[in-house]
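Hello,

Here is the structure I promised to pass on. Please open it and keep it beside you while you read my notes.

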Amino acid sequence: MNWDADLYLQFAKERTRPSSDLISRINLLQPQRIIDLGCGPGNSTAMLRQKWLQADITGLDNSPEMIAAASKSYPSEKWVLSNIASWSAEIPFDLVFSNATLQWLPNHGKLFAHLFSQVALGGALAIQVPAHYQSPLRQVVDEVSKDPLWSDRMDRARNALTFERPRFYYDVLQPLAKYLEIWETEYYHVMDSPKAIVNWFRGTGLRPFLGSLESEQQKEKFEQMLLEGYTKAYPQQNDGRILFPFRRLFIIAYR
Ligand SMILES: C[S@@+](CC[C@H](N)C(=O)[O-])C[C@H]1O[C@@H](n2cnc3c(N)ncnc32)[C@H](O)[C@@H]1O
C-alpha cells in the first residue's frame with residue numbers, strides 16, 4: 001500500500017499541530033540524539049528541528065514515497081528507510097519520538113516496552129496516536145465495511161489499526177519509567193464539507209479499506225456510502241462548515 005505525501009499534506013496544518021503540542025511538553029534540556037519514527041514527509045521532524053537546533057536528528061519511515069518527499073523538502077536532515085517493527089538503536093537515543101504512526105503497528109505492549117528500551121538514561125519516549133475508540137470517523141467506516149457487498153474482504157482493513165486505552169499504556173510503561181505523563185486532547189478541525197472529511201481520511205486510515213476493493217466502481221461506492229454516513233454524523237454549523245472532532249492520545253515516558 002503506497003502512501004501519497006501530497007494527499008497527506010493537504011491538511012498539513014491540522015496534522016502538524018499535535019506534534020508541535022507534544023514537543024512543547026517534552027521536558028528535556030538538550031537532547032543530542034533524536035529519532036522521529038514514522039517521520040512521513042518530514043513535517044514532524046521539522047518541528048523537532050525548530051526546537052532543538054543543535055541535535056542530531058534522524059527521520060525513519062518505511063515508505064519510499066514519504067522518505068523521498070522528506071528528503072526533498074529537508075535535504076540537510078538524515079532520512080532512513082526502515083521498518084519500526086524491526087528497528088533497534090545501535091546507540092540509545094535521548095529522544096525516541098513518534099507522531100501519528102504507531103497505530104499502524106500491532107502488539108503495543110511489546111512494541112512500547114521495546115521502544116522505551118531504546119531510550120538513553122535521562123531521555124524520553126514521546127508518542128502521539130489517534131484515540132478513535134468511539135469516533136464517528138471509525139464507527140461509520142466500520143459500518144460501511146460490514147455491507148454484504150464487501151464485508152468478507154474487510155477483516156484485515158478493520159484490524160489494520162491498533163487503538164488501546166490510556167490505562168493499557170500506563171500498565172506497560174509505569175513499571176519501566178522514572179516519570180510518566182499521559183493525556184488526551186480533542187481537536188476541533190473546521191472542515192468545508194463532509195467530503196473534506198473523506199479526503200482527510202483518504203490520506204490515512206481509509207487506505208486499508210479502499211485497498212481491499214478491486215474495482216474503481218466499488219471504491220467510489222464505498223466512498224459514497226461513507227460520505228452519506230459522515231453527512232449525518234457531522235452536522236453543519238451556521239456558516240455551512242463542519243466541526244470535525246479528532247481525539248488524540250499523548251504519552252511521554254522519561255527514563
Ligand atoms: C500518518 S503518517 C505520520 C507522519 C508524521 N510523523 C506526522 O506527524 O505527520 C504515518 C507514517 O508512518 C509510516 N509508517 C507506518 N507504518 C510504519 C512502519 N511499520 N515502519 C515505519 N514507518 C511506518 C507511514 O509510512 C507514514 O509515513
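On one side of helix 8, Arg-167 and Asp-171 are exposed. Exposed means over 50% relative accessible area, buried means under 20%, and partly exposed lies in between (1.4 Å probe, protein chains only). Helices (H or I, at least four residues) and strands (E, at least two) are DSSP runs, numbered from the N terminus.

Before going on, note that this is a predicted model: local features need pLDDT of at least 70, side-chain atom pairs count only at pLDDT 80 or more, and totals for chains, interfaces and linings use all residues. Residues are numbered from 1 along each chain as its sequence is written, and side-chain values use heavy atoms, with hydrogens and water left out.

Which residues of helix 8 are buried? They are Tyr-169, Val-172 and Leu-173, in a helix that spans residues 166–173. These three sit on the same side of helix 8, because they cover an arc of only 80° around the axis. The arc is taken from the directions from the helix axis to the C-beta atoms. An α-helix has 3.6 residues a turn, so residues three or four places apart point the same way.

The cover over those buried residues includes helix 5 (108–116), strand 5 (119–130), strand 6 (179–191) and strand 7 (242–254). Contact here means heavy atoms within 4.5 Å.

Seven strands form an open sheet with mixed pairing, in the order 3-2-1-4-5-7-6. Two strands pair if DSSP finds at least two bridges between them. Strand 3 (78–81) and strand 6 stand at the edges with a single partner strand each, so one side of each has no neighbour in the sheet. On average, neighbouring strands are turned by 15° against each other, direction ignored. Axes are lines fitted to C-alpha atoms, for helices over the stretch in contact, and angles run from 0 to 180 degrees between N-to-C directions.

Look at strand 1 and strand 4. They pair in the parallel sense over three bridges. Ile-34 stands opposite Leu-95 in strand 4. Then find helix 9 (residues 194–202). It lies across strand 6 and strand 7, at about 30° to strand 7.

**The cores**

A nonpolar core is a set of buried Ala, Val, Leu, Ile, Met, Phe, Trp, Tyr and Cys residues joined through side-chain atoms within 4.5 Å. The largest one has 27 residues, and Trp-87, Leu-102, Phe-112, Leu-125 and Leu-173 have the most contacts inside it. Strand 1 (33–37), strand 4, helix 5, strand 5, helix 8 and strand 7 each supply at least two of its residues. A second, separate core has 26 residues, including Phe-201 and Phe-246.

What does Phe-112 touch, not counting residues up to four places away in sequence? Its contacts are Leu-102, Leu-125, Ile-127, Tyr-169, Val-172, Leu-173 and Ile-251.

Ala-253 is in strand 7. Its relative accessible area is 0%, so Ala-253 is buried. Beyond four places in sequence, its contacts include Phe-116, Leu-125 and Leu-173.

Most residues other than glycine have a negative phi. Ala-100 has a positive phi near 60°. Asn-107 has one of about 50°. Ala-100 lies in the loop between strand 4 (93–99) and helix 5, and Asn-107 is in the loop between strand 4 and helix 5 as well. Are they buried or exposed? Ala-100 counts as buried at 17% relative accessibility, whereas Asn-107 is exposed at 57%.

Best wishes
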